[in-house]
Amino acid sequence: MGQGLSCRIRDDHGLFTAVQFGDLEIVETVLNRDPSLVKQTTVYDRHSALHIAAANGQIEMVSMLLENPSVNPDCLNRHKQTPLMLAAMHGKITCVEKLIQAGANILMFDSLNGRTCLHYAAYYGNSDCLQMIVSSARTSHVAVSWGFSRFVNIRDGKGATPLHLAARQRRPECVHILLDSGALVCASTGGYGLPGSTPLHLAARGGSMDCIRELLAWGADRLNRDASGRIPYAIALKHKNGACAALLNPSSAEPLVWPSPLKFISELNQDAKALLEQALMEVNREREKTILKGTGYSMPSPSHSDATATDDNISEASDSQLCCICFDQLCAIEVQDCGHQMCAQCTLALCCHNKPNPTTASLTAPICPFCRSNIARLTVVKVKVNTADQELDLYSSPKQRKSRKSQNLSEGSSSFRGLSFGKVVGRSSGRVSLDNECIDKP
Ligand SMILES: [Zn+2]
Ligand SMILES: [Zn+2]
């Protein structure tokens, strides 16, 4: 990994040095004099000029070289690495973008570890490059010929998916993007049912709490065993990652799990999704605090308290009501089609299964706790305020209003103030449509 890209080479023309430092003038002069030099490579690693330009983030140089018809965007060095892999490795996002635009193939494997550019971006934690590669995979020929989710879960020579590498290398942002893009949280390096390590095993070893948090929130199973029969908890202990071990201890409270298999969750609009994700992480953080304190406390599910809420005449409520389930947060999410409102945390608790079971993706669709009708869509509550000041005021008040009954959902609530869910969202644009056949009408 990470071959030196310095040009200790027989470089009579200073070509590679000029490429490395982005000296367009010299490069143009040299190539005008001898066009065949564009095919020249460094002596040992066999980097082309395009490799060197991409790895050093010399975007203008990359663009100039790609205009040359004899430059192949997928040229290979000694280790069969493409310029795109090197750009992804070094986090050169503009070069990644340019290379992809120029038709660079995202589905190439190096000869070192059988890794793709997606592996490189994940391993080195370059989340912007990772996001760009994932986005291009959605639209490129790869999606057609290979399938998008197959690409996201692509294995290297040792069976590691990009998610494995991101988890091992402590790259929580990459872990999140990959999971959000359909990476299998329980993928095993063994493959095809053979025992191997899951991303959670590698995160336990890497010792990143953020990675473990993300993986657990997406339903990673703490009881999976690797080829040596160890659960992630044992690996965290072995590597002396104590706090990680506490979260991974199968006897500590189960985290809430992002209910991605629910169709209306996967089709949420960005505002609603951001709210719910934030709520999920906050609830889990509260849970973590208790776990780390060493108590066996488990948070009551707000969905069980709906009986107390049914009497409230919420249909007449104005748009900024206190949530009638927890009496702590303001309503931020509206259930469609019935129009009942809840806070994000209660919505989430309603949709989440405390016992993650990623193998059975058949979650039953949750129903509205107020009227028991099926939830077809979730939208962000539209708040009718005119000025930003009023809006701010509105959302800074829940603590003061916290009067009636308080549950333990509460403490992480303050950061909701910073979210812009108060912005007026057009009701039609905020909707997420759900095909009728996906709802079991009672
Ligand atoms: Zn609530
Ligand atoms: Zn309802």
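## Conventions

Helices (H or I, at least four residues) and strands (E, at least two) are DSSP runs, numbered from the N terminus. The model is predicted: local features need pLDDT of at least 70, side-chain atom pairs count only at pLDDT 80 or more, and totals for chains, interfaces and linings use all residues. Residues are numbered from 1 along each chain as its sequence is written, while chains are lettered from A and ligands numbered from 1 in the order in which they are written.

## Overall content

The chain has 21 helices and three strands. Of its 442 residues, 45% count as buried (20 or more other C-beta atoms within 10 Å of the residue's own; exposed means 12 or fewer, partly exposed in between, with C-beta atoms placed from the backbone).

Two residues are in contact if their C-beta atoms, placed from the backbone, lie within 7 Å. Among contacts between residues at least 6 apart in sequence, 70% join residues at least 24 apart.

Met61, Val62, Met64, Leu65 and Leu66 of H4 are buried. Their cover includes helices H1 (15-20), H2 (24-33), H3 (49-55) and H6 (93-101).

Lys80 lies in the loop between H4 (59-67) and H5 (83-89). Its phi is near 55°, a positive value in a residue other than glycine. With 14 other C-beta atoms within 10 Å, Lys80 is partly exposed.

## Helices H18 and H19

Two packed helices are described by the angle between their axes and the distance between the axes. Here axes are lines fitted to C-alpha atoms, for helices over the stretch in contact, and angles run from 0 to 180 degrees between N-to-C directions. The axes of H18 (270-293) and H19 (344-351) come within 8 Å and cross at roughly 80°. H18 and H19 are therefore roughly perpendicular (65 to 115 degrees; under 35 is roughly parallel, over 145 roughly antiparallel, the rest oblique).

H18 contributes Leu275, Leu276, Gln278, Ala279, Leu280 and Val283 to the contact, and H19 contributes Ala344, Gln345, Thr347 and Leu348. These residues divide into seven nonpolar, three polar and no charged (Ala, Val, Leu, Ile, Met, Phe, Trp, Tyr, Cys and Pro count as nonpolar, Asp, Glu, Lys and Arg as charged, the others, Gly among them, as polar).

## Other backbone details

Lys240, in the loop between H15 (232-238) and H16 (242-248), has a positive phi near 60°. Lys240 is exposed, with 9 other C-beta atoms within 10 Å.

The peptide bond from Gln336 to Asp337 is cis, with omega near 15°. Asp337 sits in the loop between strands E1 (333-336) and E2 (341-342).
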